[in-house]
Amino acid sequence: MRRPSVRDVSKWTLHENSNDTAKVYVADIEYGFFYKVEVSGKRPAYFYGETAWQDARRYAEDQHIRDYTSW
């Protein structure tokens, strides 16, 4: 199975929101795990695979978004 592309995603569902500082979205796709993290003032970061949720969380924490430390 090939890795999906951002172009393959027709809809993103908001998964977590941190006071509009950062938003985590999950892709509505048939297979796999695809997350997008939007941090204010930065380009969106995309994560795919079995550890995508953990990678998205780690990325948000690395951006010093304190609201995500309690996930």
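A residue counts as buried when its relative accessible area is under 20%, as exposed when over 50%, and as partly exposed in between (1.4 Å probe, protein chains only). The model is predicted, with local features requiring pLDDT of at least 70 and side-chain atom pairs pLDDT 80 or more, while totals for chains, interfaces and linings use all residues. Residues are numbered from 1 along each chain as its sequence is written, and side-chain values use heavy atoms, without hydrogens and water.

**Helix 1**

- Helices (H or I, at least four residues) and strands (E, at least two) are DSSP runs, numbered from the N terminus.
- Ala-52, Ala-56, Tyr-59 and Ala-60 are buried in helix 1.
- These buried residues line one face of the helix, because they fall within an arc of 100 degrees when seen down its axis (the arc of the directions from the helix axis to the C-beta atoms).
- The buried residues of helix 1 pack against strand 3 (34-39) and strand 4 (45-48), where contact means heavy atoms within 4.5 Å.

**Salt bridges**

- A salt bridge is defined as a side-chain nitrogen of Lys or Arg within 4 Å of a carboxyl oxygen of Asp or Glu, and two are counted by this rule.
- Arg-58 forms a salt bridge with Asp-55, their closest N and O atoms being 2.9 Å apart.
- Both Arg-58 and Asp-55 belong to helix 1 (residues 52-62), three residues apart, or about one turn of the helix.
- Arg-58 is partly exposed at 45% relative accessibility, and Asp-55 is partly exposed at 21%.
- Lys-36 forms a salt bridge with Glu-38, with 3.4 Å between the closest N and O atoms.
- Lys-36 is buried, at a relative accessible area of 11%, whereas Glu-38 is partly exposed at 27% relative accessibility.
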